[in-house]
Amino acid sequence: MLIPRPETVRSLLARYNELQLEHSQDSAAALRRSLQDVSYTLCVTTGTRTIQDALLVAERILRTPQGHAVVVDAHEQRQVVEQVVTSGGAPQPSAM
């Protein structure tokens, strides 16, 4: 799994927050669908399955110093996400 760039995460979080606010004031179907779309994108981007986990991982990514992106295979994906959530920082690169 590739850890996303902070700029990408910031952009997605800004859109998510904007849509959350709009949706709290107006529950139109188009707004609901847009919120679902950005929620899904946040989950995919962070390698998580729920928006709550995606928000936690996104927060950790934004608090992590630049240059900590790491590529892992699919088998390691869950461990990487768990490490990010529990350690408060980006995973350390594994020896390849």
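The axes of helix α1 (residues 6-25) and helix α2 (residues 29-46) cross at roughly 150° and come within 9 Å. The model you are looking at is predicted. The protein has four helices and zero strands, so a walk from the N terminus reads α-α-α-α.

**The protein as a whole**

- Of the 96 residues in the protein, 34% count as buried.
- Take the contacts between residues at least 6 apart in sequence: 57% of these join residues at least 24 apart.

**α1 with α2**

- Two packed helices are described by the angle between their axes and the distance between the axes.
- How do α1 and α2 run relative to each other? They are roughly antiparallel, because an angle over 145 degrees counts as roughly antiparallel and theirs is roughly 150°.
- The crossing in which α1 passes α2 is left-handed.
- On the α1 side, the contact is made by Thr-8, Leu-12, Leu-13, Arg-15, Tyr-16, Leu-19, Gln-20, Glu-22 and His-23.
- On the α2 side, the contact is made by Leu-31, Arg-32, Ser-34, Leu-35, Val-38, Ser-39, Thr-41, Leu-42 and Thr-45.
- Sorted by class, the residues of this contact between α1 and α2 are eight nonpolar, seven polar and three charged.

**α1 with α3**

- α1 also packs against α3, at an angle of about 135° and with the axes 10 Å apart.
- That angle makes α1 oblique to α3.
- The crossing of α1 and α3 is left-handed.
- From α1, the contact uses Pro-6, Val-9, Arg-10, Leu-13 and Tyr-16; from α3, it uses Ile-51, Leu-55, Ala-58, Ile-61 and Leu-62.
- Which classes of residue make up the contact of α1 with α3? There are nine nonpolar residues, no polar ones and one charged.

**α2 with α3**

- The axes of α2 and α3 lie 9 Å apart, and the two helices pack at an angle of about 55°.
- α2 and α3 are therefore oblique to each other.
- The crossing of α2 and α3 is left-handed.
- Here Ser-39, Leu-42, Cys-43 and Thr-46 of α2 meet Ile-51, Ala-54, Leu-55, Val-57, Ala-58 and Ile-61 of α3.
- The class count for the contact of α2 with α3 is eight nonpolar, two polar and no charged residues.

**A closer look at α3**

- What span should the 13 residues of helix α3 (residues 51-63) have? At 1.5 Å a residue, they should span 18 Å, and the end C-alpha atoms of α3 are 18 Å apart, which agrees.
- If you try this sum yourself, remember that the expected span is 1.5 Å times one less than the number of residues.
- The buried residues of α3 are Ile-51, Ala-54, Val-57, Ala-58, Arg-60 and Ile-61.

**Residues to find in the structure**

- Arg-15 sits in helix α1. Is Arg-15 buried or partly exposed? Arg-15 counts as partly exposed, because its relative accessibility is 35%.
- Leaving out residues up to four places away in sequence, Arg-15 touches Ser-34 and Val-38.
- Arg-15 and Ser-39 are 24 residues apart in sequence, and their C-alpha atoms are 9.5 Å apart in space.
- Ser-34 belongs to helix α2 and counts as partly exposed, at 27% relative accessibility.
- With its neighbours within four places in sequence set aside, Ser-34 is in contact with Arg-15 and Leu-19.
- Ser-34 and His-23 are 11 residues apart in sequence and, from C-alpha to C-alpha, 9.5 Å apart in space.
- Thr-41 is in helix α2, where a relative accessible area of 32% makes Thr-41 partly exposed.
- Thr-41 and Ile-51 are 10 residues apart in sequence and 9.5 Å apart in space, again from C-alpha to C-alpha.

How values were computed: Residues numbered from 1 in each chain as written. Predicted model: local features only at pLDDT ≥ 70, side-chain atom pairs only at ≥ 80, totals over all residues. Heavy atoms only, no water. Buried < 20%, exposed > 50% of the residue type's maximum accessible area, 1.4 Å probe, protein only. Axes fitted to C-alpha atoms, helices over the stretch in contact; angles between N-to-C directions. Parallel < 35°, antiparallel > 145°, perpendicular 65-115°, else oblique. Left-handed = near helix turned anticlockwise from the far one by under 90°. Contact = heavy atoms within 4.5 Å. Nonpolar A, V, L, I, M, F, W, Y, C, P; charged D, E, K, R; others polar.
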